[in-house]
Amino acid sequence: MPSNQNALIQIGVCLTFVLVFIAGIVRFIFDPNDQSRCNSLLNNGWWQDTETYTKWQPGGCMMHTYKPDEISSCLQHARILYVGDSIAREQFFSFARLIRDDIETAGPKHVDRKYEFNDQGLIFEFWWDPYLNASRTSAMLKTTDPTIQPSLLVMGSGAWYMRYLDEDTYREDWQDAMDRIFDAVQRSSRVADAVILAPVEIPDYSLLSPEREETMSINKIDSMNAYLESKLASSTPLTPMTIPFVWNDVSSTATNVTEDGLHFKQPVTAMQVQLALNYRCNDQLSKHFPMDSTCCYHYPIPKWYQCIFFIFFLIWAPIGLYISTNESILNAVFIFGLGVIYMYFGDRTQLFGKAQKDFDAIVFGALLFISLVAGILTLKVKKEGDQGFLNRDQTDEWKGWMQVIILIYHFMGASSVSGIYNPVRILVAAYLFQTGYGHFFFFYKKGDFGIGRVLSVMIRLNLLTFVLQYVMDTDYLSYYFTPLVSFWFGVIWVTMYIGHSSNKTSWFLLCKLLVAFTMTTIIIQSPGVLEDIFDLLKFLFNIHWNATEWRFRLGLDAYIIYIGMLCAYATIKFNEYRLQEHPWWPTAKKFSIITSGILLTGYFIFELSMPTKYVYNGVHPYISWVPIIAFIVLRNATVQLRNTSSRFFIFFGRISLETFIGQFHMWLAGDTKGLLVVISHARATQGFGWWFNLVVSSILFVFVSYYLSQTTGELTRWLCSAITSGESRRATDNTSGTYHAVPLLPTSSANRQEPASSSSAASEPDNSSSNGSNGNKNVGRHETDGDNNNNMDIEMVESMQTSPKRSCVSNFFDDARVRTGLALLIIGLLNNFC
C-alpha cells in the first residue's frame, strides 16, 4: 500500500482514538452520578435473551449474578425488609427463593411474611402496607437504632393509590407518602444500610382487568414516576437511596410472564432482585482480578508498582526523548506504554463501558463469513518456483486465520457450544504444533543453544504479558498462551541441548524425545508435583498460581508438541533422502491426500457427536494431531496451494501474539468475561450500536496490536543486546553490544522482508518463526551460515588473544546467563512487595 495511504489510515485511526477518549472523558466528567456505572445499571438495559429471560444487559456495564453465600456475605448476615403492596410481595418471594427455592408462599395474600435462613444468617421480612402509611412503617423511618435497621430496605407503592382512592386525592396522598421516605433518608443515615424505592409499575395493559385498566392509566404512572425522578435528583440523602426505574423496562419488555398484567412471574422479579443486589453489593466485591462485575463498582486505586509503570511510560519515556540520544528505543518504550495504558483505561476504569457477551449463532457465522471473504479477496500467488512445504507465508497465514477464529470465538462467548469449543481446542493445539516444529527445526539445523537465542524467544514472548500482569494487577498464568508456549519452548531447548553433539544420531535423538515425553507427562499428570513447585514459588517470591488450572492447560496439549518435533524431524529426513524423487512418491502423495480428507471429515463428525465439551476434553490430547496433520497435507497438496496465501490472514498471523494477549483488555473486558464498549451511548451494544461498537473497537484493537508488535520486537532486540553485551565484551573487548557468535533467526518484523524459506513453522504465535530447509538449496544456505559462524569464531579467538585480561568478577557479571538469573531473582524478590 502506498505510503500516503498508510499515513491517512494512521491519521484516521489516531483521530478515532482522540474522539473516543474525549467522548469517554466528557461522559465521565459531566455525568458524575454515573462514574461507577450505577445510573447505567438503574436506568438503562434490555433483555439479551427473549425466550428464557435470564440475561439482562445494563447500559454500559456488566452485572453479577448473586448466589446465596454471596448474598449472605454482602448483607452481613442481617435483615432484609420489604414494605409495600402485592407487587413488592412478589419480588420479595423471588428474593427469598434465591436463598432457598422451596420456601412456602401459599396462604393469605394481604398479610406479613417472614423467613429465617439460619445457614446464611439472614432474616427476610415483608410488611403488608400498600399505602406505606402504617404506624410501624412511620416508626421505622424515624428510628435511629442501628441494631434494628435493615441491611436492605425495599419499599414500593402506587397501585393501590390509583386503584382505590379518589381521583382527586390519590396523587396528593401518594406524594405525602413518598415525601416521608425522602425526608427520612435525608434526615438520618441509619434508616437502613441502603434503601430502594420501587418506581410505580407499568402493567401489561393487554392483560389488565377493565377496572384496573381504567384507574391505572399510563398517564398517571408516567406523572408519578416523573415526580419520583425529580425528587431523587434534588435530594441529598444521608442513607444511600435509589429508585431503579429500569425495573419497568425489565417487566414491560418481557412477554408471557404475567397472568393478570400486574403481578409478574419469577423471571422478571428475579432479575429485578438481581439488579437490586448489584446496586447494594457490587462495590463490596473483591477488588482484585478478575474484575468482571462493573455496575455500581469503583475500581481500586492503582498500587505502587502500577504507578511506577505509569510514570515510566508517560513521564520518563517522553522526557527521555528530549535528553537522550537513544531516540528509537525511547520512542518504542513510549508507544508500547501508550498501548498498555490504553488497556488499563479500557479494563481498569469506568472511562469506557463494558458489556456482557451474548452468543448468537447467526452473528457468529456472519463474522466468520466476513473474515473468509476478506481472506479470499486478498489472496496472492507467487508464480516463480515452489515456495516449499510450510513456507513462511503459509505458516503466517495459518496462524492468522486461526487467530481470527479464536478472536471471534472469544468475542461471541462461544465456549458454551461444544461443537465450536472442540475445534477451537484444535487451533490452540496447532499453535503448539508449530512451536514444536519450528524450534526443533532451528535447534537441529543451527545448533545454536546459546543464551542469546533463549532470551530472544522468551523476551519476545513474555514482554507484553510481564508488563500487563503488573499494570493490570492480574496473574501471569491467566494469559495462558504465553506461559504455555514458554514452558514448551523450555522443554524443547533442554531436550535438544542435552547431548546436542549427538543430535544427528537418529536413535539418540528419538530416545531423548521419549525421555522428555515421559518426564513432562510425570510432571503434568502426577498429583502434587505442580502443587509443590507452586508452593515453593509462593514461599520464595509471593507468586500465587493455580496448579489445578495449570495442569488442565498443560494436560490438554501435553503430546502435540512432540508430534510437531517428530514432524519436523521427518521433514528433514524426507528432504535429506530426496523421497520426493522416489517412483512411488506420486502414489503415496495421492493416498495421503485422500486419507487426510477422510480423517479431517471424520474428526468433525466425531467432535460433533460428543455430548459435552468436558467429555471431548478427555480424548482431545490423543486425537488433536489427526486434524492438524490432515490439514497440513491438504494445504500443501499442490505447488499452487503452497504458493497461494492470503495477505489478510498473514497480517494477523504476524501480530497474533499481540492480538491474543491484547484482546484480554482492549477488545474484550472484565478480564475476558465481557466486551469493551468504546462508544459512550447507553445503547452502544444493542442492535446497530453493537455492530458500530464492534467496528470501532476492532479498528483500535488491531491498530494498537500492530504497534505493540513493532515495539515489542524492537525492545526485545535492545534488551537482548544489553544483556548479552558482556558476552561480546568478554569475547571481543568491544563495547558495542551488537555481536552474536551465532546469528539469531529473525524474531521481529524488521526481518520479514527477506524471502520466505521453503520450510518454516512458527515458534511463537506472532512471528518468531524458525526457517527450516527443503532440499539441497536450503541445506546449502545453512552450510553457508555455518561457514560464516566459523569465521566469526576464529576472529573471536584471535581477539581474545590480544584483548586485555579481565578480572574474574567482571567476567562473572559479563556472563549473560548470570545477568539473566540475577534479573529474574531480583524481580522475584521484588514481587514479595507486590
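This is a predicted model: local features need pLDDT of at least 70, side-chain atom pairs count only at pLDDT 80 or more; totals for chains, interfaces and linings use all residues.
Trp304 sits in helix α12, and its relative accessible area of 43% makes it partly exposed.

Now for a patch with charge. Asp166, Asp168, Glu172, Asp173 and Asp176 come together on the surface as a patch of negative charge. Pick out Glu172 here: you'll find it in helix α7, which covers residues 170–187. Is Glu172 buried or exposed? Its relative accessibility is 53%, and the cut-off for exposed is over 50%, so Glu172 counts as exposed.

On to the cysteines. A disulfide, to recap, is a covalent bond between the sulfur atoms of two cysteines. There are three of them in this structure. Counting the bonded cysteines along the chain, the pairing runs 1-6, 2-5, 3-4. Let's take the pairs in that order.

Cys38 pairs with Cys296, with 1.8 Å between the sulfur atoms. The torsion about their S-S bond is about 120°, so this disulfide is right-handed. What does the pair tie together? Cys38 belongs to helix α2 (residues 38–43), while Cys296 is in the loop between α11 (266–281) and α12 (304–323), so the bond ties together parts that lie 258 residues apart in sequence. Both Cys38 and Cys296 are buried.

Next comes the disulfide of Cys61 and Cys295, whose sulfur atoms are 2.0 Å apart. This link is right-handed too, with 90° about the S-S bond. Here Cys61 comes from the loop between β2 (56–58) and α3 (68–74), and Cys295 from the loop between α11 and α12, so parts 234 residues apart in sequence are tied together. As for cover, Cys61 and Cys295 are both buried.

The remaining disulfide joins Cys74 to Cys281, at 1.8 Å from S to S. Which hand does the link of Cys74 and Cys281 have? With -85° about the S-S bond, it is left-handed. This pair also links distant parts of the chain, going from Cys74 in helix α3 to Cys281 in helix α11, 207 residues apart. Why do these two cysteines count as buried? Buried means under 20% relative accessible area. Cys74 has a relative accessible area of 5%, so it is buried, and Cys281, at 1% relative accessibility, is buried as well.

How many of the residues of helix α28 (residues 656–666) are buried? The count is 11 of its 11 residues. As a reminder while you turn the view, an α-helix has 3.6 residues a turn, so residues three or four places apart point the same way.

Methods: Residues are numbered from 1 along each chain as its sequence is written. Side-chain values use heavy atoms; hydrogens and water are left out. Patches are made of residues with over 30% relative accessible area and no salt bridge: like charges are joined within 9 Å, nonpolar side chains (Val, Leu, Ile, Met, Phe, Trp, Tyr) within 5 Å. Accessible areas come from the Shrake-Rupley method with a 1.4 Å probe; for residues, only the protein chains shown count as cover. A salt bridge is a side-chain nitrogen of Lys or Arg within 4 Å of a carboxyl oxygen of Asp or Glu. Lys and Arg count as positive and Asp and Glu as negative; His and the chain ends are not counted. The place of a charge is taken as NZ of Lys, CZ of Arg, CG of Asp or CD of Glu. Helices (H or I, at least four residues) and strands (E, at least two) are DSSP runs, numbered from the N terminus. Buried means under 20% relative accessible area, exposed over 50%, partly exposed in between (1.4 Å probe, protein chains only). A disulfide is a pair of cysteine sulfur atoms within 2.5 Å.
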